[in-house]
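Take a look at the structure below. This report walks through selected features one by one.

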Amino acid sequence: MSFKIVVLAKQVPDTHNVGADAMNTDGTVNRAALPTVFNPEDLKALEMALQVKDQMPDATVTVVTMGPPRAAEIIKDARNRGADDGFVLSDARFAGADTLATSYALSQAIRQLGKVDLILGGRQAIDGDTAQVGPQVAEKLDIPQVTYAEELLAIDAKSITIRRRLERGTECVKAQLPVLVTVTSAAADCRFPNAHRMIRLSKEEVRMINADSIDAEMDRLGLKGSPTKVKQIENVVLAHKESVVLEPTEAALSELSATLIKEHIL
Amino acid sequence: MNNVLVYCELSEKNQIADIALELCTKGRQLASRLGCRLQAAVLGSGVKAAAESLYPYGVDEVFLADDPRLSPYRTLPHSDVLSKLIQKEQPQIVLFGASSVGRDLAPRIASFLRCGLTADCTQLEIGSHEDPKTKKTYENILYQIRPAFGGNIIATIVCPETRPQMATVREGVMKKEVFDPAYKGVIVPVAVEASLAKADQAVEILSREIEEQKIDIKGAQIIVAGGYGMGSRENFQLLHQFARLIGASVGATRAAVDAGFCEGERQIGQTGVTVRPKLYIACGISGAVQHRAGMEQSAKIISINTDPDAPINAIADYTIVGDVMTVIPQFMACYKNNLK
Ligand SMILES: Cc1cc2nc3c(=O)[nH]c(=O)nc-3n(C[C@H](O)[C@H](O)[C@H](O)COP(=O)(O)OP(=O)(O)OC[C@H]3O[C@@H](n4cnc5c(N)ncnc54)[C@H](O)[C@@H]3O)c2cc1C
Ligand SMILES: Cc1cc2nc3c(=O)[nH]c(=O)nc-3n(C[C@H](O)[C@H](O)[C@H](O)COP(=O)(O)OP(=O)(O)OC[C@H]3O[C@@H](n4cnc5c(N)ncnc54)[C@H](O)[C@@H]3O)c2cc1C
């Protein structure tokens with residue numbers, strides 16, 4: 001009996017390398033100026049999936065992403081690193097989705113795959129930063145979840161054992177399959193793309209799937225299916241306080257410390 | 001009906017966690033503004049006393065689910081009990097900590113209830129909202145204000161159509177304050193049997209390792225923070241001397257932590273802790289947006305930096321332009337003199 005693993009992955013703007021041109025003058029995000037990357041924790045999730053596959057040779061790894069057509073780049077990257085298959089959910093009707101609508105679309109796509117044993121995703125995406133999609137996909141599929149996974153300890157056909165991060169410490173949990181696991185940045189780095197796979201797979205197209213193929217209620221998708229609305233976006237600008245500039249002289253420092261003592265701050 | 005509800009998580013010592021008290025403080029303000037009651041939900045084992053300790057924060061009703069199977073926290077038992085409670089009580093607002101527990105629990109519940117959830121809010125306010133398309137106006141909407149894109153933008157998010165409006169808030173972002181020491185609320189027991197029977201042992205905890213937290217700078221009134229400009233681990237020791245003298249805690253930037261100048265627990269900022277002391281002394285810190293996210297609510301800020309144009313200076317009340325290794329000893333000497 002085969003063992004089916006799904007990895008949820010998102011292509012994100014590289015917010016770690018935000019340059020001066022990342023924001024438009026009107027305060028909106030200049031997405032064109034931001035290079036895109038494979039969401040870092042999703043790469044860690046992919047690695048955990050491949051570790052399971054190392055131990056269970058009959059396992060298959062399918063990578064699912066929702067995004068614009070260019071998100072096919074991360075599917076190709078994932079295949080080169082060892083994933084068996086993958087597809088992009090791409091459709092204007094998915095656009096503007098908050099986490100509720102995103103998780104609904106992803107869960108409907110997963111439902112089309114038949115019996116799935118294990119779903120892995122990142123803990124959070126570096127652009128939205130909510131860490132909500134994983135638990136919401138689990139709820140929609142009515143399966144348990146294990147969040148903040150740091151290490152895969154054991155896997156068999158029925159259960160998975162994982163070490164996960166707590167606020168102050170760690171715990172080891174054993175979950176019955178199927179389960180959804182979200183992986184943190186402390187987990188193992190992903191293996192590199194394999195040159196042979198790159199050559200062999202270079203011509204293989206990436207499947208694009210639209211909203212009609214996932215048996216979805218249309219009003220639960222995209223902007224329409226999103227209860228959260230962005231009312232306002234502000235660029236972070238430094239609010240200039242009235243700042244007193246002092247030269248490091250004995251007199252100036254003495255006066256400053258006296259003032260702070262008098263104001264009961266020191 | 002339609003009150004403000006706070007999910008109160010527990011500390012390892014089975015007391016109400018600080019984040020929950022911070023949320024109750026904010027929840028009290030929101031409830032007073034909206035003219036409704038403040039409710040809290042406490043799920044755990046042997047936590048009646050903890051539940052009662054919430055009253056001074058202005059909590060009118062504490063829903064108490066007390067059962068050994070609710071401790072330690074596991075997703076399914078807590079989400080099932082809380083989802084049912086929310087369906088029954090129909091609060092207009094529900095708040096969670098943006099902790100490893102809150103971020104595990106809140107999205108699952110929002111998905112079940114099909115309502116919106118805003119992550120990591122830094123401010124929560126009440127206001128009206130006009131839909132830009134339909135021009136329909138909604139009154140008494142929760143403004144959920146949060147940073148996004150790695151802290152480069154601040155978004156105000158609203159959920160006009162669905163209830164409850166749910167949000168998570170990180171620890172240390174809101175203030176915790178007793179509302180009235182004599183405030184009296186009531187305990188409302190919650191039946192859990194049906195939930196616990198259903199949410200069985202799908203996930204079993206095999207072992208837990210709790211790290212004793214030795215360094216905790218969150219509640220410090222005065223913080224002396226060092227950045228990469230401190231130059232070395234040896235130089236960084238000067239900050240500890242400085243801190244001892246003025247009764248402060250020592251904080252750091254990520255660059256200082258990465259360079260090995262001090263322990264990671266001292267890191268302040270987006271990926272560290274958030275602090276709001278009455279005095280923050282930034283020593284050799286440039287003031288990157290990710291660092292400011294964790295300290296800009298400090299009441300007073302002093303920056304010591306060789307660069308007069310360092311971004312941190314823009315949010316500082318006092319900027320001392322100079323080398324940390326000379327300015328700090330000078331300042332310490334002046335302080336000692338002034339105390340005499
Ligand atoms: C400024 C701003 C603020 C926002 N705030 C909120 C908010 O508070 N609440 C809210 O509901 N929405 C919010 N959104 C919308 C949210 O960013 C999108 O819904 C996004 O598609 C998913 O959320 P995320 O990026 O936070 O993912 P996370 O929940 O952080 O992602 C966790 C994991 O889920 C998987 N995953 C996430 N998205 C995809 C995808 N498209 N395809 C495949 N796998 C995926 C990945 O494995 C990922 O690591 C906000 C958007 C913006 C621009
Ligand atoms: C996703 C993400 C998350 C992050 N999270 C955090 C976070 O939580 N916290 C955090 O702090 N950073 C965080 N960072 C890193 C952040 O972007 C900055 O790199 C970091 O804050 C810089 O630290 P710094 O000010 O100590 O160092 P630098 O930027 O190198 O600044 C050093 C300063 O010291 C001054 N200086 C040099 N020598 C002297 C001297 N002898 N005397 C006085 N002044 C001197 C210099 O003029 C300069 O202003 C994060 C980054 C990313 C991408």
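P164(B) is found in the loop between β8 and β9 (165-169) of chain B. A cis peptide bond joins this proline to R163(B), with omega about -5 degrees. Keep in mind that the model is predicted.

Chain B has another cis peptide bond, joining S71(B) and P72(B). Its omega is about -5 degrees. P72(B) sits in the loop between β3 (61-66) and α3 (75-89) of chain B. Why point these bonds out? Most peptide bonds are trans.

Most residues other than glycine have a negative phi. Y148(A) has a positive phi, near 60 degrees. This tyrosine lies in strand β7 (residues 145-155) of chain A. Is Y148(A) buried or exposed? Its relative accessibility is 9%, so Y148(A) counts as buried. The cut-off for buried is under 20%.

N14(B) also has a positive phi, near 70 degrees. Its place is in the loop between β1 (4-8) and α1 (18-34) of chain B. N14(B) has 27% relative accessibility, so it counts as partly exposed.

**Ligand 1**

Where does ligand 1 lie? Ligand 1 lies between chains A and B. It is surrounded by 34 residues. The closest are K10(A), D42(A), T99(A), T130(A) and L117(B). Chain A supplies four of these names, and L117(B) comes from chain B.

What makes up the shell around ligand 1 by class? It holds 16 nonpolar, 11 polar and seven charged residues.

Now for polar contacts with ligand 1. A backbone N or O atom of A97(A) lies 2.9 Å from an oxygen atom of the ligand. D98(A) also places a backbone N or O atom by a ligand oxygen, at 3.2 Å. From chain B, a polar side-chain atom of R146(B) lies 2.8 Å from a nitrogen atom of ligand 1. Taken alone, ligand 1 exposes 930 Å², and the protein buries 92% of that.

Several elements give two or more residues to this shell. In chain A they are β4 (59-66), α3 (99-111) and β6 (118-122). In chain B they are β5 (117-121), β7 (137-148) and β8 (153-158).

**Around strand β5 of chain A**

β4(A) and β5(A) pair in the parallel sense over five bridges. Which residue is the bridge partner of T62(A) in β5(A)? The partner is D85(A). β4(A), helix α2 (residues 72-81) of chain A and β5(A) make a right-handed β-α-β unit.

β5(A) has a further partner, strand β11 (residues 207-209) of chain A. This pairing is also parallel, and it runs over three bridges. Here L89(A) stands opposite I209(A) in β11(A).

How many of the five residues of strand β5 (residues 85-89) of chain A are buried? Four of the five are, so the strand is largely enclosed by the rest of the structure.

**Ligand 2**

Ligand 2 also lies between chains A and B. It is surrounded by 25 residues. The closest are Y228(B), T253(B), T271(B), S286(B) and N305(B). By class, its shell has six nonpolar, 16 polar and three charged residues.

| Residue | Protein atom | Ligand 2 atom | Distance |
|---|---|---|---|
| Q290(B) | side-chain N or O | oxygen | 2.8 Å |
| N305(B) | side-chain N or O | oxygen | 2.8 Å |
| V324(B) | backbone N or O | nitrogen | 3.0 Å |

How much of ligand 2 does the protein cover? Ligand 2 has 990 Å² of accessible area on its own, and the protein covers 78% of it. The elements that give two or more residues to this shell are α7 (254-258) and α8 (289-292) of chain B.

Methods. Residues are numbered from 1 along each chain as its sequence is written. Chains are lettered from A and ligands numbered from 1 in the order in which they are written. This is a predicted model: local features need pLDDT of at least 70, side-chain atom pairs count only at pLDDT 80 or more; totals for chains, interfaces and linings use all residues. Side-chain values use heavy atoms; hydrogens and water are left out. A residue is near a molecule or strand if one of its heavy atoms lies within 4 Å of it. A polar contact is a pair of N or O atoms within 3.5 Å; within protein, one must be able to donate a hydrogen and the other to accept it, and residues adjacent in sequence count only if both atoms are side-chain atoms. Accessible areas come from the Shrake-Rupley method with a 1.4 Å probe; for residues, only the protein chains shown count as cover. Ala, Val, Leu, Ile, Met, Phe, Trp, Tyr, Cys and Pro count as nonpolar, Asp, Glu, Lys and Arg as charged, and the others, Gly among them, as polar. Buried means under 20% relative accessible area, exposed over 50%, partly exposed in between (1.4 Å probe, protein chains only). Two strands pair if DSSP finds at least two bridges between them. A crossover is right-handed if, with the strands pointing away from the viewer, the path from the first strand over the helix to the second runs clockwise.
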